[in-house]
Amino acid sequence: MMMRLSAVSSRVLRRNVHVEARVAALGHTLPPTPPAPKGNYTGYSREGNLIYLSGHLPQLLDGSLMKGRLGENFTVEEGQAAARQCALNLLATIRGAAGGDLDNVKRVLRVTGYVNSTPDFTAQPSIINGCSDFFGEVFGVEVARHARSAVGVNVLPLGVPVEIEAIVLLKDGC
C-alpha cells in the first residue's frame, strides 16, 4: 500500500533518505545492472531530462522470469509482487540513465502496465499498484505520483504475468 505522507514530511523524507538506501530498508535488492532487453531495442531512450523506459519484465536477480497468468495460475498478491519486481528492474535502468544516482529523479510522470490475464479477470489496476505503491515508498508521494494505465492482455512475452513501462523526469543538470 502506498505511504500516505503530508507534503511537509514527504519533502523531509526526500531530502534525508537516499533512494537506494530506502529500497534496501524496505528489504529489497536493486539489480546491480539493468536487465538486458529481450529483443532488438534499448531499455530506455533519453531526450533532455526525460527518460522513456521500455517495457520491463519481472526478472529476478538470478536471471529467471516470474511466469504466470492472472485469473488462471497467479493470485493478485503474486501479480503485485511481479509488478514490484518490474519496478525494481525499472529503477536499475533509471539509475543508469540518471548518471548512477536515483536521487536525480525529479518526477515519475507516467506508468503503463500490461497484465497477462484471463477474460474474466478485472483487477488489473490492483496488480499495477504493486509498482505504483513501491515507487511511492521509495521516492515519496510528491515525486512518485504519476499518470497511469493498467491494461489486461491475453498474453505477454515469455509467459510473464506483468510488463511495465514508464516515463521519468530527471532534475536539471544530470
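Start with helix α4, residues 124–139. Helices here are DSSP runs of H or I, at least four residues, and strands are runs of E, at least two, numbered from the N terminus. At 1.5 Å a residue, the 16 residues of α4 should span 22 Å, and the end C-alpha atoms are 23 Å apart, which agrees. That expected span is 1.5 Å times one less than the number of residues.

This is a predicted model: local features need pLDDT of at least 70, side-chain atom pairs count only at 80 or more, and totals for chains, interfaces and linings use all residues. Residues are numbered from 1 along each chain as its sequence is written, and side-chain values use heavy atoms, without hydrogens or water.

Back to α4. It bends by about 35° at G130. The bend is the angle between axes fitted to the seven residues ending there and the seven starting there. 13 of the 16 residues of α4 are buried, so the helix is largely enclosed by the rest of the structure. Buried means under 20% relative accessible area, exposed over 50%, partly exposed in between, with a 1.4 Å probe and protein chains only. Just after α4, G140 has a positive phi of about 90°.

Next, G55, in strand β2, residues 50–56. G55 is buried, at 15% relative accessible area. Beyond four places in sequence, G55 contacts Y41, E163, I164 and E165. Contact means heavy atoms within 4.5 Å.

Last, confidence. pLDDT is the predictor's confidence in each residue, from 0 to 100. The chain's mean is 91. Residues 1–16 stay under 50.
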